[in-house]
Amino acid sequence: FYLNTKLSLSNLTIVSGEVEVSSITPEITEIQVKSIQQFSASVTGAFDPTGKPVEWSVVGGSSFGTITSDGLYKAPLSVEGETTATVRARSKADPSKFKETSFKIIPEISVSVSPQTAHVQLGGAVQFEAIVTGADDISVTWYVNDIQGGNSTVGTIDSNGLYTTPSGLYSTPVTVKAKSNEDSSKSDTAEVTIIGTTTTTTTTTTTSTTTTTIAISMVFGKV
């Protein structure tokens with residue numbers, strides 16, 4: 001009896017000792033949304049001829065990002081606030097052995113101004129607020145009609161977002177803008193309508209003419 005058998009080593013993992021996933025590199029602390037990062041894992045005690053000794057996964061599912069079989073991680077398009085993701089590399093030779101690395105997913109920087117519209121009497125003021133998310137520096141620079149801080153013609157705005165209308169009439173509306181100091185490409189705007197009231201008083205003088213008729217009676221008699 002003769003059995004002709006061919007043994008393929010292409011998918012054979014050779015174990016030479018205790019298997020351990022020793023490291024995942026690089027070690028990162030954070031990543032921006034929409035970004036990618038290539039990871040690699042080191043495995044001891046086993047040799048995989050495919051060059052892929054681990055199976056990659058993202059703990060918690062695709063809402064925390066995705067990763068390919070080659071270890072290419074893709075961050076999600078967006079997250080609600082600062083989120084922590086965990087990538088896991090599990091040994092193919094011994095699935096009980098794995099290594100994890102965790103990092104923060106930083107949201108995209110965004111600026112939101114409120115209120116979005118305002119109506120202000122001429123000579124009045126209105127307070128605006130700017131909320132910056134996804135940035136370490138949450139401060140903004142204020143503009144009026146793209147003029148930093150505004151001026152006497154379009155109105156002024158201070159570093160705290162207090163807009164004061166000009167003293168004279170101006171063609172409205174004007175645009176108030178808050179621009180992120182960390183990323184100047186990120187901004188938001190609001191529209192201000194200036195209500196200017198002018199009163200024109202017209203005085204009409206009426207001259208009355210009174211005609212008085214005096215009747216004179218003349219009596220003629222005989223002399």
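This is a predicted model: local features need pLDDT of at least 70, side-chain atom pairs count only at pLDDT 80 or more; totals for chains, interfaces and linings use all residues.
Glu 18, Asp 94 and Lys 97 are linked in a network of salt bridges.

Glu 18 and Lys 97 form a salt bridge through their side chains, at 3.7 Å from N to O. Glu 18 sits in strand β1, residues 14–25, while Lys 97 sits in the loop between β8 (83–91) and β9 (98–106), so the bridge ties together parts that are 79 residues apart in sequence. Glu 18 is exposed, with a relative accessible area of 67%. Lys 97 is partly exposed, at 24%.

Now the chain as a whole. The protein chain has 20 strands and 0 helices. It has 223 residues, and 29% of them count as buried. Take the contacts between residues at least 6 apart in sequence: 57% of them join residues at least 24 apart. The accessible surface comes to about 14700 Å², and 50% of that belongs to carbon and sulfur atoms.

Back to the charges. How many salt bridges does the count come to? The count is 7. Besides the Glu 18 and Lys 97 pair, I will show two.

The next one is Arg 88 with Glu 100, where the side chains meet at 2.5 Å, N to O. Arg 88 is in strand β8 and Glu 100 is in strand β9, so this pair ties together parts that are 12 residues apart in sequence. Glu 100 counts as partly exposed, at 35% relative accessibility.

Then there is Glu 108 with Lys 186, with the closest N and O atoms 3.5 Å apart. Both ends are in loops: Glu 108 between β9 and β10 (110–114), and Lys 186 between β19 (174–180) and β20 (187–195), so the bridge ties together parts that are 78 residues apart in sequence. Glu 108 is partly exposed at 38%, and Lys 186 is partly exposed at 23%.

Some acidic residues are grouped in another way. Which residues form the negative surface patch? They are Glu 30, Asp 136, Asp 137 and Glu 182. Asp 137 is in the loop between β13 (129–133) and β14 (140–144). Its relative accessible area is 32%, which makes it partly exposed. Patch members need over 30% relative accessible area and no salt bridge.

Next, strand β14 itself. Setting aside neighbours within four places in sequence, its contacts include Gly 150, Val 154, Ile 157, Tyr 163 and Val 174. Gly 155 is another of those contacts; Val 144 and Gly 155 are 11 residues apart in sequence, and their C-alpha atoms are 7.1 Å apart.

Gly 51 is exposed at 58%, and its place is the loop between β4 (40–47) and β5 (54–58). From Gly 51 to Asp 70 is 19 residues along the sequence and 9.3 Å between C-alpha atoms.

Now the backbone. Most residues other than glycine have a negative phi, and most peptide bonds are trans. I have two exceptions of each kind to show.

Thr 25 and Pro 26 are joined by a cis peptide bond, with omega about -5°. Pro 26 is in the loop between β1 and β2 (30–32). The bond from Ser 114 to Pro 115 is also cis, with omega near -5°. Pro 115 is in the loop between β10 and β11 (117–121).

Gln 127 is partly exposed, at 44%.

Last, the positive phi values. Lys 34 has phi near 70° and is in the loop between β2 and β3 (36–38). Asp 146 has phi of about 65° and is in the loop between β14 and β15 (147–148). Asp 146 is exposed, with a relative accessible area of 57%.

That is what I have for today.

Definitions and conventions
Residues are numbered from 1 along each chain as its sequence is written. Side-chain values use heavy atoms; hydrogens and water are left out. Helices (H or I, at least four residues) and strands (E, at least two) are DSSP runs, numbered from the N terminus. Buried means under 20% relative accessible area, exposed over 50%, partly exposed in between (1.4 Å probe, protein chains only). Contact means heavy atoms within 4.5 Å. Accessible areas come from the Shrake-Rupley method with a 1.4 Å probe; for residues, only the protein chains shown count as cover. Patches are made of residues with over 30% relative accessible area and no salt bridge: like charges are joined within 9 Å, nonpolar side chains (Val, Leu, Ile, Met, Phe, Trp, Tyr) within 5 Å. A salt bridge is a side-chain nitrogen of Lys or Arg within 4 Å of a carboxyl oxygen of Asp or Glu. Lys and Arg count as positive and Asp and Glu as negative; His and the chain ends are not counted. The place of a charge is taken as NZ of Lys, CZ of Arg, CG of Asp or CD of Glu.
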